[in-house]
Amino acid sequence: MSTASHGDEAHQATLIRGDGIGPEVTEAALQVLEAAGVRMAWDEVEAGAEVVQKYGSPMPDRALDSIRRHRVALKGPIGTPVGGGFRSANVSLRQSLDLFASVRPVQNVPGVPCRYEGVDLVVVRENTEGLYSGLEHRVAPGIVESLKIVTEHASLRIARYAFELAQREGRPEVCAVHKANILKLSDGLFLECAQRVARDFPDIRYTEIIIDNCAMQLVKDPTRFSVLLLENLYGDILSDLCAGLVGGLGVVPGANIGEGCAVFEAVHGSAPDIAGKRVANPTAVILSSVMMLRHLGEQDAADAIETAVHAALVEPENRTRDIGGHADLDGITRAIVERL
Ligand code: ATP
């Protein structure tokens, strides 16, 4: 789905600042968007751990309605309690709005030190089912059952999305990542659907790889991959691994795309360990807003921000701690804004 540019009119979109480092890094992105001259009319809505008491959910209906109305959102990370506590706001958001495709472009960022050069791949993750269906129950004391749901509908849809993305971006290959040697029915169905869709795209090479081998091949030579097509849990895990290949979670953007709406957010979580210290790297959320601008048809502003981010990070003094520097959040944000 794409929304046409509105000329001089401001783009209407939902803003969720999130929790943990969310408000800090989102504010940095807003400053950068403003410096680039982008006119946004934000509908800011509350979501996250702090609103659970007030609305009974970390992703209240008001937030979901706003995104349905505006069809585009920029979202900061929202933490999820481990073990007990409320259901993940991120999973509810993706399932409620049917944001079926998680898209995470993983590329070297000029100047950001990392072990690999020439990485340019996209992780396409199925976002609505698999082991994230939330269907878990205690069968008997000491025994828990967790259901992995795989449907033909969702598998065909995500495979088609991956192939269409490859076609649009001139990418040569789609590689389906699976564990169908063990999960013969569920991952078997996922693969069968990918194979069916592949037949409609004869110009794009289709390959398959078992997830454990894929993890090893990624750390050996990530440049051999172009588009990775994965079900939900595999995509979650391998996208963090892929972020590590190009400098870490601080620099990798993401989008959650549905038929009707698109939510742009960094791959990283709320990083409670560094929240409030103003040392977080805002690059991932700034590059997520670049993806949002492209989606809105604001190509020039998107290119300008991306160039400014790269120009800032080439200077070692602008790099934050997570990418080997000493700059703080305000330092890197200022450096990007100055270059705009
Ligand atoms: P959540 O429960 O929200 O997923 P988490 O701490 O488990 O939070 P992440 O937020 O993804 O997971 O953080 C993983 C690690 O990466 C943490 O050590 C965190 O400090 C670091 N990190 C994540 N995002 C950034 C960032 N933007 N800048 C610097 N470090 C980051």
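## A first look around

Let's start with helix α11, which spans residues 329-339: Leu329, Gly331, Ile332, Thr333, Ala335 and Ile336 are buried there. Keep in mind that this is a predicted model. What covers those buried residues of α11? Among the covering elements are α1 (22-35), α9 (283-295) and α10 (299-314).

Now for the ligand. The space it takes is the largest pocket. There are 15 residues around the ligand, and Gly269, Ser270, Ala271, Asp273 and Asn281 come nearest. Three of those names turn up again in the table, each paired with an oxygen atom of the ligand.

| Residue | Polar atom belongs to | Distance to a ligand oxygen atom |
|---|---|---|
| Gly269 | backbone | 2.8 Å |
| Ala271 | backbone | 2.7 Å |
| Asp273 | side chain | 2.9 Å |

How much of the ligand does the protein cover? On its own the ligand has 610 Å² of accessible area, and the protein covers 66% of that.

Next up is Thr14, which you'll find in strand β1 (residues 11-16). Is Thr14 buried or exposed? Its relative accessible area is 0%, and buried means under 20%, so Thr14 counts as buried. Its side chain reaches the backbone nitrogen of Ile67 at 3.4 Å. If you skip the neighbours within four places in sequence, Thr14 is in contact with Trp42, Asp43, Val45, Ser66, Ile67, His70, Val72, Ala73 and Leu74.

Last stop: Asn256, in strand β11 (residues 255-257). Asn256 has a relative accessible area of 2%, which means it is buried too, given the cut-off of under 20%. Which side chain makes a polar contact with the side chain of Asn256? That would be Asn127, with 2.8 Å between the two. Leaving out residues up to four places away in sequence, Asn256 touches Arg94, Leu99, Ala101, Ser102, Asn127, Cys261, Ala262, Val263 and Glu265. Asn127 is in that list as well, alongside its polar contact with Asn256.

How values were computed
Residues are numbered from 1 along each chain as its sequence is written. This is a predicted model: local features need pLDDT of at least 70, side-chain atom pairs count only at pLDDT 80 or more; totals for chains, interfaces and linings use all residues. Side-chain values use heavy atoms; hydrogens and water are left out. Helices (H or I, at least four residues) and strands (E, at least two) are DSSP runs, numbered from the N terminus. Buried means under 20% relative accessible area, exposed over 50%, partly exposed in between (1.4 Å probe, protein chains only). A polar contact is a pair of N or O atoms within 3.5 Å; within protein, one must be able to donate a hydrogen and the other to accept it, and residues adjacent in sequence count only if both atoms are side-chain atoms. Contact means heavy atoms within 4.5 Å. A residue is near a molecule or strand if one of its heavy atoms lies within 4 Å of it. Accessible areas come from the Shrake-Rupley method with a 1.4 Å probe; for residues, only the protein chains shown count as cover. On a 1 Å grid over the protein atoms alone, a cavity is a set of points where a 1.4 Å probe fits but cannot get out, and a pocket is an open set with protein on both sides within 12 Å along at least five of seven lines; lining residues have an atom within 4 Å of a point. A molecule sits in a cavity or pocket if more than half of its atoms lie within 2 Å of its grid points.
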